[in-house]
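Here are my notes for you to read with the model open beside them. Take the points one at a time and find each residue as you go.

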Amino acid sequence: MFTLIRRFMKLFCLEKIFLLFFFAICIVACGTVEPPEADERFVPDGSLRFTLVPNDNVPGDSIDANLAHGVRIFVHPKAHYELSFDKDVYAQEKPQLRLFRVYWNERVKNYFPSWVRTINPTEENGRYVYNFVCEENDRAIWVTSLNDGDDFYSGKTRNVRLKASGAYSKHFSINLIVAGKIKDLDVSYDSLAQMLQQGFDRYYTSVKVDTVYVRFANEHPILGKKYPKTEPWIAGRTSDDQMMVELGGWPEPDVYDALDIVLVHRFKQEGLLGLSDLFGANLAGGSGSTVVVANHNRQDGEDMVISAERIVYTALHETGHFFGLRHTTATYSDQLSNGDYSIFDDGFSDTPYCFEKASTKAMRTKKNVVADFRQPFHQLAPRFDISVYPKADMNISACPDAPNIMFPMESDTKVVGFSAQQLEVIQTNLTIMPH
């Protein structure tokens, strides 16, 4: 009897020790994970009109002024981010950075933030620096807020920068997607694809385009019936979505993770030759995955044919916007779209901007035409239908940045290409995009 009791007590003690050991492990493991955020005081309360683009050299005054109460950022899976700004020597506390995931509700036209993490800064060379890695499964919209413990941070946040880096390939492919009937194209589609390949090989020297595929929207396995090859496609009129987003992410394994350049007859708006999101940054399907170019330009009620050479140049320029490059000299329409009138150039030291153009009202004629890029998350930002034209007496070819592909207007100056700093941004931003 006593032997049975001893055995029972021995087993009970061993089981108790095992349970205590198990709970200890759980406590240690759980201690390494941040608890759910319960403090609702620092949920972003701004308008979220402004977007901080990775590796952008000129976020501008609006980003600086709104960082504490909420600006948007893109994040991509596995990418590393470093957000920083100048330290305010008059501020009492080091500000915490809180990041929130944002869900857009189309029905109510509003966003809903959900806390992701809180980060304390390090100090480096007179700047507060916040490092984090995106652990999302897909690209997402995050929003910032800063607090000093009791309230939103009230110190100055000057010269805000967001650096990003990734480990994805420096190679990518392109789908040239022909939508509807293309009239008066002066080369074959295969020749146009070859010209695109040559253009990218010549100018996008920091990355590599492996192949330019030709695809036809009327042959799309799901949407083909929507795009008859007998009717010219007018982006913005035949379809409300000028970006033709539903054609992004062509449903074939070898070409899904590619940049989709959609060729249409023309845009609804006059004067528009191409369109991209500023930092579309998506080599799969969905928003931000397409660049759209046209082979006709509407001017004074008439369709003017665009040559294949000019179509290729437009595609090269718009793809620069896709990778996050701004115009070398900001136009008035750029400033309206940004909502920030402090931005006059792209911030690169090796792309001097055209002071003559930027300092006058030469580019401030309003027309019913959109600019050639859209702000990211355009559903959260105001839209401006603005076109820009130079004064008749202004020689834009004399601008020092006229030879650059990202110069906002066509000129008689021979195109040289991108600057070294622009090429570095193209390469860096490509490596943060899953493909």
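This is a predicted model: local features need pLDDT of at least 70, side-chain atom pairs count only at pLDDT 80 or more; totals for chains, interfaces and linings use all residues.

1. Glu 136 and Arg 101 form one, with their closest N and O atoms 2.7 Å apart. Glu 136 sits in the loop between strands S7 (127-133) and S8 (140-147) while Arg 101 belongs to strand S4, so this pair ties together parts that are 35 residues apart in sequence.

2. Now step back for the overview. The protein has 7 helices and 19 strands. Of its 435 residues, 52% count as buried. Take the contacts with a separation of 6 or more: 75% of them are between residues 24 or more positions apart.

3. Back to charges. How many salt bridges does a search of the whole structure find? The search gives 11. Another of these pairs is Lys 87 with Glu 123, where the closest N and O atoms are 3.1 Å apart. Lys 87 lies in the loop between strands S3 (80-86) and S4 (96-105), and Glu 123 lies in strand S6 (residues 122-124), so the pair ties together parts that are 36 residues apart in sequence. Lys 87 is partly exposed, with a relative accessible area of 33%, and Glu 123 also counts as partly exposed, at 41%.

4. One more pair to look up is Arg 298 with Asp 303, whose closest N and O atoms are 2.7 Å apart. Arg 298 counts as partly exposed at 24% relative accessibility, and Asp 303 is partly exposed too, at 32%. There is also a network to trace: salt bridges that share partners join Lys 87, Lys 94 and Glu 123.

5. Next, look at helix H7 (residues 420-430). Which of its residues are buried? They are Gln 422, Leu 423, Val 425, Ile 426, Asn 429 and Leu 430. Looking down the axis of H7, you'll see these buried residues fall within an arc of 160 degrees, so they line one face of the helix. The face of H7 turned away from the buried side carries the exposed residues Ala 420 and Glu 424. And what do the buried residues of H7 pack against? Their partners are strand S10 (171-178) and helix H3 (189-203).

6. H3 has a further partner: it packs with helix H4 (residues 308-322) at an angle of about 45 degrees, their axes being 10 Å apart. The two helices are therefore oblique to each other, and their crossing is right-handed. On the H3 side, the residues that meet H4 include Leu 192, Leu 196 and Phe 200. On the H4 side, Ile 311, Val 312 and Ala 315 are among those that meet H3.

7. Trp 233 deserves a look. This residue is in the loop between strands S11 (208-216) and S12 (234-235). Is Trp 233 buried or exposed? Trp 233 is buried, with a relative accessible area of 4%. Leaving aside neighbours within four places in sequence, its contacts include Lys 181, Tyr 227, Met 244 and His 265. Trp 233 and Phe 267 are 34 residues apart in sequence and 8.4 Å apart in space, C-alpha to C-alpha.

8. Met 244 lies in the loop between S12 and strand S13 (259-264) and is buried, with a relative accessible area of 2%. Ala 281 also has a positive phi, of about 55 degrees, although it is not a glycine. You'll find Ala 281 in the loop between strands S15 (274-277) and S16 (290-294), and this residue is buried, with a relative accessible area of 2%.

9. Last stop: Pro 408, in the loop between strand S19 (373-374) and H7. Pro 408 counts as buried, at 18% relative accessibility. The C-alpha atoms of Pro 408 and His 317 are separated by 8.9 Å, with the two residues 91 apart along the chain.

Definitions and conventions. Residues are numbered from 1 along each chain as its sequence is written. Side-chain values use heavy atoms; hydrogens and water are left out. Buried means under 20% relative accessible area, exposed over 50%, partly exposed in between (1.4 Å probe, protein chains only). Helices (H or I, at least four residues) and strands (E, at least two) are DSSP runs, numbered from the N terminus. The arc is that of the directions from the helix axis to the C-beta atoms. Contact means heavy atoms within 4.5 Å. A salt bridge is a side-chain nitrogen of Lys or Arg within 4 Å of a carboxyl oxygen of Asp or Glu. Axes are lines fitted to C-alpha atoms, for helices over the stretch in contact, and angles run from 0 to 180 degrees between N-to-C directions. Angles under 35 degrees count as roughly parallel, over 145 as roughly antiparallel, 65 to 115 as roughly perpendicular and the rest as oblique. A crossing is left-handed if the near helix is turned anticlockwise from the far one by less than a right angle, and right-handed if clockwise.
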